[in-house]
Amino acid sequence: MAASGVAAPTRAEVLQLYRSLLRVARQFCDYNVREYTKRRTIDAFRDKKNLTDPSQLFAAFSDGKAQLEVAKRQAIVYSLYAPKVKSIMDIKPS
Amino acid sequence: MALRSAVLRYIRVPVQTLTATESKPQPQWSLRASLRLFSSHDVHLTKEEVIDRVLDVVKSFPKVDPSQVTPNVHFQKDLGLDSLDNVEIVMALEEEFKLEIPDKEADKIDACNLAIEYIYNHPMAG
């Protein structure tokens, strides 16, 4: 199957997407969701680190961009209904 | 504001122009971060503190061997990390020092000494 004219993302774009996803993870007020977002980003990018096929790279990259949009929206929604009691993991030992 | 600029104009830094022929040893006097008039942000980190905290962050990264970490170590060449790990380390440094490092600057931070320099020169490092 010949690769169609989709442009595979450049290395810089991939790293920028990685950084954006990690930054949006920090915006979550819920500890669990924040840690999940970080873990999931790191795992997904490591899994797909060695892809070479341009169409696969493009598919993974657009998937990542879609997830970034979802995460940005969800960070806002979560902050609207933030619980008053912080998770125990967020409380620094004094 | 006017007073500040008036005082700054009064204190002139002697410009050092040493040509090949003359080599007068001039007294070193520079308006460094030690003289910051009307600055509300006077608590600036010492270089020692910056180095210690940066090394701590790098050592606590799970893929790093702590015994290899020195202030000059290069993340990818000496510690065997890849570019994704590089991004993670820069994010961890951002969290430690409560900074927001723009992407273009963050891409350049490849080694411990670059990180230390950047953070030490950042006015908002905390």
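Analyst: Two residues are said to be in contact when heavy atoms of theirs lie within 4.5 Å. The model examined here is predicted. Arg19(A) belongs to helix 1 of chain A, which covers residues 11-26. The relative accessible area of Arg19(A) is 3%; because buried means under 20%, this residue counts as buried. Its side chain also makes a polar contact, at 3.3 Å, with the side chain of Asp107(B).

The wider setting on the chain B side can now be described. Chain B has 126 residues, 33% of them buried, and its secondary structure consists of 5 helices and 0 strands. Of the contacts in chain B with a separation of 6 or more, 53% involve residues 24 or more positions apart.

As for the interface as a whole, 15 residues of chain B are in contact with 12 residues of chain A. The size of an interface is often expressed as the accessible area lost when the parts come together. Between chain B and chain A this buried area is about 1400 Å², and carbon and sulfur atoms give 48% of it. Across the interface, 11 residue pairs are in polar contact, both residues being at pLDDT 80 or more. On the side of chain B that touches chain A, helix 3 (83-97) and helix 4 (103-108) each supply at least two residues. The largest share, 8 residues, comes from helix 3 of chain B. Sorted by class, this side of chain B has 5 nonpolar, 1 polar and 9 charged residues.

The structure holds 20 of them over all chains, and 12 are found across the interface of chain B and chain A. One of these pairs Arg26(A) with Glu95(B), at 3.6 Å from N to O. Arg26(A) lies in helix 1 of chain A and Glu95(B) in helix 3 of chain B, so this pair joins two chains. Both partners are partly exposed: the relative accessible area is 24% for Arg26(A) and 42% for Glu95(B). Another salt bridge brings together the side chains of Arg23(A) and Glu100(B), at 3.3 Å from N to O.

Asp85(B) forms a salt bridge with Arg46(A), with the closest N and O atoms 2.6 Å apart. This pair crosses from helix 3 of chain B to helix 2 (residues 31-47) of chain A. Asp85(B) is buried, at a relative accessible area of 4%, whereas Arg46(A) is partly exposed, at 23%. The side chain of Asp85(B) also meets that of Lys63(B) in a salt bridge, at 2.7 Å from N to O. Lys63(B) lies in the loop between helix 2 (47-59) and helix 3 of chain B, and Asp85(B) in helix 3, so this pair ties together parts that are 22 residues apart in sequence. Lys63(B) is partly exposed, with a relative accessible area of 42%.

Finally, salt bridges that share partners join Arg19(A), Arg23(A), Arg26(A), Glu94(B), Glu95(B), Glu100(B), Asp103(B) and Asp107(B) into one network. The buried Arg19(A) is thus a member of this network.

Conventions
Residues are numbered from 1 along each chain as its sequence is written. Chains are lettered from A and ligands numbered from 1 in the order in which they are written. This is a predicted model: local features need pLDDT of at least 70, side-chain atom pairs count only at pLDDT 80 or more; totals for chains, interfaces and linings use all residues. Side-chain values use heavy atoms; hydrogens and water are left out. Helices (H or I, at least four residues) and strands (E, at least two) are DSSP runs, numbered from the N terminus. Buried means under 20% relative accessible area, exposed over 50%, partly exposed in between (1.4 Å probe, protein chains only). Buried area is the accessible area (1.4 Å probe) that two parts lose on being put together, summed over both. A salt bridge is a side-chain nitrogen of Lys or Arg within 4 Å of a carboxyl oxygen of Asp or Glu. A polar contact is a pair of N or O atoms within 3.5 Å; within protein, one must be able to donate a hydrogen and the other to accept it, and residues adjacent in sequence count only if both atoms are side-chain atoms. Ala, Val, Leu, Ile, Met, Phe, Trp, Tyr, Cys and Pro count as nonpolar, Asp, Glu, Lys and Arg as charged, and the others, Gly among them, as polar.
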